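Here are a few exercises to work through with the model open beside you. Try each task before you read its solution.

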Amino acid sequence: MSDTTDGLVLAADGRPLKQSLRRALLRQKIRALMLIAPLLLFVVVTFIVPILSMLFRSVENDIVPVTLPGVVTELAEWDSSTGEPPSEEVFRNLYIDLFKASEAKQHTRLGTRLNYEQTGLSSLFRTTGRSLDDIGEEWQDPLEDIDANFKDGAFWFEMMSGSDGDTFLEQRRDLLAEMIGESMAGDVGFVPSEQVAKMLPWTSRAYADFAIWTAIADNDVVAEEDPWEAVYGALGMDLTSPDTISAIGSYSGPGAEALQAAVANLDHLPQDGFREAFAAENGDWVSPDVWATIKLYSPSVTPGYFLNAIDMELTPDGIEQKPENEQIYTQLFIRTLIMALIITASCIVLGYPVAWLLANLPMRTSSILMILVLLPFWTSLLVRTSAWKVLLQQQGVINEILVWLGFVNDADRLILMNNATGTVIAMTHILLPFMVLPLYSVMKTVPPSYLRAAKSLGATNWTAFWRVYFPQSVPGIGAGSILVFILAIGYYITPEIVGGTSGVFISNRIAYHISSSLNWGLAAALGTILLIVVLGLYWCYDRIVGIDNVKLGG
Amino acid sequence: MSSVIVNVKRPDLLTFTMPFVAVFGAMFGFITGNIFGAPSIGLIGGAIVGAVLAGILARMTKINRRVKIWGIAIIFGLAGAVFGGLGGFFGGLLVGVSMGWFATWVGTGKYRAGVPTYYTPGQVLWHNTFLFICAFVFFFLIAPLIPVVWLSFNAENFFTFTPEMLSFKAEGYSLKHYRDFLGTDEWMVPLKNSLIIAPIATIISVSLGTLAAIGLSQSHVPGRQTMMAILISPMIVPLIISATGMFFFYAPLGNWLEVTLGLNQSFVGYVKVILAHAVLGIPFVIITVTATLVGFDKSLTRAAANMGANPVTTFFRVQMPLILPGVISGGLFAFITSFDEVVVVLFVGSARQQTLPWQMYTGLREQISPTILAAATILVAVSILLLLTVELLRRRSERLRGMSPT
């Protein structure tokens with residue numbers, strides 16, 4: 001069929017054979033990839049992405065910069081080592097940010113987050129959140145006394161409205177949307193006046209936040225609603241600035257009279273700033289420690305969770321070990337590793353003889369005995385765990401038998417459950433098939449004649465086993481051990497039920513942080529550390545046995 | 001085990017059989033004596049009974065071994081019944097069977113049956129000790145399941161044996177926990193959920209997994225190792241980590257489905273759990289199907305193509321029937337993974353998607369009723385069925401590939 005012209009081998013269609021073959025190979029590769037692609041995509045979306053999102057969660061710290069954007073920017077200039085609370089500017093930003101956050105009910109979340117780092121911050125944010133209105137009213141009442149127009153929502157709307165303020169409004173909208181994690185899209189029905197925004201910067205911010213929230217979240221008409229107390233407070237802030245006062249003097253737009261009246265009666269307004277107002281609410285607000293913590297957790301990425309997960313903490317003076325009595329995770333990691341090792345070791349001790357027997361018996365007998373190994377393997381984990389609960393509890397089968405046989409006094413029954421013993425016994429039973437099966441498949445490949453040859457050459461039983469058979473079964477031990485170890489360190493259900501408090505693993509702590517303490521960042525950090533350990537072991541497993549050689553059910 | 005056995009001669013009665021059986025008897029005697037608070041009397045009594053038994057049995061060479069064992073068992077059983085009623089009878093029967101078996105096993109020299117004749121006594125002792133160790137491990141594997149099955153017939157609402165149960169009185173037993181299981185929504189709704197979630201998850205993992213396994217088994221696949229590692233990863237990553245990751249990812253995904261697409265909340269809940277379970281089952285499908293494909297003769301597909309079959313026909317008429325056992329056993333693994341899964345469903349699902357394992361888990365934590373044990377027994381029965389199916393399929397597949405050693 002092929003023709004040779006100019007030394008080139010040609011295929012039937014006249015193309016060079018090499019090219020033709022390459023095309024065929026490419027087609028084959030593409031077909032194979034097309035077959036794999038749907039599953040690969042499925043696994044990546046439903047599994048790999050969630051795992052990555054967990055990794056991301058373990059360093060993510062958006063909540064502080066997103067909830068207190070103004071404070072975070074302003075706080076960058078504050079030096080925590082001076083021992084002084086931050087400037088009035090920071091407290092003004094705090095008031096604006098916090099008021100908005102408390103309207104959106106986000107301040108408690110922020111408090112909870114910061115409470116992980118410094119106890120007491122949760123209640124500080126919660127109680128202050130309740131009294132933000134009172135702080136605003138200190139300015140609202142005198143302002144309304146000066147000019148009754150300030151009582152009127154429509155008056156405020158008219159004063160703040162104007163033209164060219166769209167960019168400003170969008171900025172505020174973005175900040176708000178980031179804070180609550182929703183788009184906040186929609187028509188606000190309010191366009192801020194650029195002139196007023198320049199003249200009254202604080203007031204405009206507070207009023208824009210109020211307008212967006214009223215229109216989008218509450219679905220009300222901005223002009224018909226009375227502004228937040230924060231708007232009055234913000235006007236108070238503006239009225240302390242000489243620039244604003246001179247600008248108001250030459251201002252003639254809507255509300256000019258009321259503003260000028262306010263400027264004329266400045267002595268009616270509170271003379272103290274917002275730092276004093278916050279300090280009056282709670283003395284902790286002027287504590288440099290509190291601010292040092294907030295500043296420390298201002299960046300949107302933090303190593304804080306990871307440090308917590310290894311019993312360290314981030315302090316203004318750098319990374320430090322936690323106090324002795326708060327160190328739990330290192331210990332828990334060590335305990336998890338030790339218990340997983342004990343479980344692996346007991347699985348080897350129990351599994352090795354059985355695997356040897358199964359591999360050396362005639363096929364017919366061994367497949368019947370194999371069922372005894374496979375039955376627990378196929379039985380629901382919950383069934384086996386409940387079996388061990390039935391057996392191990394104080395009134396359980398083992399204790400009853402021992403008491404009946406007279407080996408144990410009724411009064412001092414053995415405590416086999418709710419401690420490390422229970423976890424080790426139950427998990428050894430549950431994971432034993434995972435040791436026996438790989439061991440069996442390796443031992444099956446060792447020819448029995450080697451052992452006989454060694455013996456016929458004069459080796460004792462022990463020497464023949466130890467020098468000839470055992471080395472050949474080591475890959476099986478390696479495979480089984482790594483499998484059991486990996487499964488053991490990530491176990492959750494069994495330790496939770498039979499482990500009590502002293503027999504639990506790191507995974508129980510992760511579950512606790514997910515479902516009870518809601519410290520998800522810490523849970524993610526603990527999970528990430530565990531994942532790294534497991535992937536390391538997995539890599540070893542791949543080196544020893546290869547992923548392709550994983551076998552199931554013998 | 002080689003079959004180098006010959007007619008083993010009987011060991012010496014006085015210096016070998018009698019002492020050994022006496023020691024064995026002393027052990028039982030000690031335990032029995034301990035029940036009545038007199039272990040030393042039991043010890044001596046047991047030793048005497050053992051020695052006498054060995055002596056008598058040695059005389060009765062004519063009688064079949066099995067008959068001897070059962071005879072002794074019944075005698076011991078009756079003796080037990082005198083002391084402890086029906087429960088004592090069964091206890092005695094058990095001791096009798098063990099004693100009879102051991103006495104005849106040692107007495108007739110059967111203990112050397114499995115070892116070559118040239119073995120020294122020490123080697124024989126080790127060989128038999130080894131077998132006892134193995135027997136113990138098998139016992140350890142299976143025995144924990146027995147009390148669960150037994151206690152599921154308890155007439156009381158306890159997790160422990162009642163005196164009535166131990167003396168085998170009819171009033172100690174009942175099927176009420178099974179009635180509770182089958183008759184209440186508390187258990188039937190989770191069962192229904194499990195039966196909705198597991199099959200759908202299985203179908204997803206089997207259909208995608210089989211296709212991918214076929215793709216992976218082609219000869220030229222770029223990045224095969226990496227893709228394999230990704231596809232196997234759900235099995236390697238500890239469940240708690242998968243669950244944590246899914247918790248973070250599926251909650252916003254669910255919100256998005258509900259809010260943006262306006263889907264029903266309960267439907268979205270099922271979708272989340274099914275997707276999560278499907279991905280957990282995929283490694284099992286991949287592993288079993290690729291293992292089956294190793295033995296698949298590729299010239300068959302070429303032959304089919306040669307005769308004019310298009311790839312789809314070739315797949316369904318030639319390839320599929322041959323790899324079907326692997327696909328089915330992979331599917332069973334995927335099914336059991338989903339059916340038995342509790343950590344992920346706890347994290348991802350809501351109360352509406354409560355599955356059977358979830359309900360059992362809650363029950364075990366709060367220890368509400370032995371209905372859990374009835375559920376466990378039913379699950380054991382199901383797993384026996386599944387195990388048998390997988391075994392049969394595996395044998396069939398090996399036979400088809402001409403690999404069966406039997």
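**Exercise 1.** Into which domains is chain A divided?

*Solution.* We work on a predicted model, where local features need pLDDT of at least 70, side-chain atom pairs count only at pLDDT 80 or more, and totals for chains, interfaces and linings use all residues. Residues are numbered from 1 along each chain as its sequence is written, while chains are lettered from A and ligands numbered from 1 in the order in which they are written. Chain A holds domain 1 (3-57), domain 2 (71-302) and domain 3 (329-549), with bounds from an automatic or database domain assignment. Next, take centres over C-alpha atoms: those of domain 1 and domain 2 of chain A are 59 Å apart.

**Exercise 2.** Find the residues that L431(A) contacts beyond its neighbours within four places in sequence.

*Solution.* Start with the criterion: C-beta atoms, placed from the backbone, lie within 7 Å. Leaving aside those neighbours, L431(A) touches I343(A), C347(A), V484(A), L487(A) and A488(A).

**Exercise 3.** Describe the contact between chain A and chain B.

*Solution.* Then sort the chain B side that touches chain A: 68 nonpolar, 15 polar and 3 charged. Here Ala, Val, Leu, Ile, Met, Phe, Trp, Tyr, Cys and Pro count as nonpolar, Asp, Glu, Lys and Arg as charged, and the others, Gly among them, as polar.

**Exercise 4.** What are the dimensions of the box that the C-alpha atoms of chain A fill?

*Solution.* Taken along the principal axes, the box is roughly 115 × 100 × 45 Å.

How values were computed. Contact = placed C-beta atoms within 7 Å.
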